[in-house]
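The following exercises concern one protein structure. Please work through each task before reading its solution.

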Amino acid sequence: MAQAAASVRRDGDALAFAGAVVAAHVPALWSQAQAGRAGVARLDLTDVSALDSAGLALLAELAGDGALAVDGTPPGLAELCRAYRLTPTLAFVSA
């Protein structure tokens, strides 16, 4: 079954994601996020319906090793963060 389309938009100091942030949508989301990335302080994930490892990689890259706040906990985020040793702000856990 196909995942619902995903989007990202600038909302004040946040990049607000919606829909399924999954591998099939990552290339388009990357392009959209780059256009609004300057000055971003937060990633708003409250409207994300699904997340996979490719989506997590996109978000971690945008988060800049934990430099941004992360709002929302989409399905799968906690498990993926544990699996890839990321903090809630998507920074790598120190050894």
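**Exercise 1.** Is Ala24 buried or exposed?

*Solution.* The starting point is the basis of the values. This is a predicted model, in which local features need pLDDT of at least 70 and side-chain atom pairs count only at pLDDT 80 or more, while totals for chains, interfaces and linings use all residues. Residues are numbered from 1 along each chain as its sequence is written, and side-chain values use heavy atoms, with hydrogens and water left out.

Step 1: the classes are defined by relative accessible area, with a 1.4 Å probe and protein chains only: buried is under 20%, exposed is over 50%, and partly exposed lies in between.
Step 2: Ala24 has a relative accessible area of 68%, so Ala24 is exposed.
Step 3: Ala24 is located in the loop between E2 and H1. Its C-alpha atom is 27 Å from that of Gly12, twelve residues away in sequence.

**Exercise 2.** State how many helices and strands the protein has, and in what order they run.

*Solution.* Step 1: helices (H or I, at least four residues) and strands (E, at least two) are DSSP runs, numbered from the N terminus.
Step 1: the protein contains three helices and four strands.
Step 2: read from the N terminus, the order is β-β-α-β-α-β-α.

**Exercise 3.** Compare the radius of gyration of the protein with that of a compact globule.

*Solution.* Step 1: the radius is taken over C-alpha atoms, and the globule rule is 2.2 Å times the number of residues to the power 0.38.
Step 1: for 95 residues the rule gives a value near 12 Å; the protein has 12 Å, and therefore agrees with it.
Step 2: along the principal axes, the C-alpha atoms fill a box of roughly 35 × 35 × 20 Å.
Step 3: of the 95 residues, 40% count as buried.
Step 4: contact means heavy atoms within 4.5 Å. Among contacts between residues at least 6 apart in sequence, 65% join residues at least 24 apart.

**Exercise 4.** Identify the residues that touch the most other members of the largest nonpolar core, and the elements that contribute to this core.

*Solution.* Step 1: a nonpolar core is a set of buried Ala, Val, Leu, Ile, Met, Phe, Trp, Tyr and Cys residues joined through side-chain atoms within 4.5 Å.
Step 1: the largest core has 26 residues, of which Leu15, Phe17, Leu43, Leu45 and Leu90 touch the most other members.
Step 2: two or more residues each come from strand E2 (14–21), helix H1 (26–35), strand E3 (42–51), helix H2 (53–63) and H3. H2 gives the most, with six residues.
Step 3: In soluble globular proteins, nonpolar side chains tend to be buried together.
Step 4: leaving out residues up to four places away in sequence, the contacts of Leu15 include Val8, Ala33, Val40, Leu43 and Leu62.

**Exercise 5.** Classify Leu56 as buried or exposed, and name residues that it touches.

*Solution.* Step 1: Leu56 lies in helix H2.
Step 1: the relative accessibility of Leu56 is 3%, and so Leu56 counts as buried.
Step 2: beyond four places in sequence, Leu56 touches Leu51, Leu77, Leu80, Cys81, Tyr84, Leu86 and Leu90.

**Exercise 6.** Describe the location and contacts of Gly66.

*Solution.* Step 1: Gly66 sits in the loop between H2 and strand E4 (69–71).
Step 1: its relative accessibility is 24%, so Gly66 counts as partly exposed.
Step 2: apart from neighbours within four places in sequence, Gly66 is in contact with Thr89, Leu90 and Ala91.
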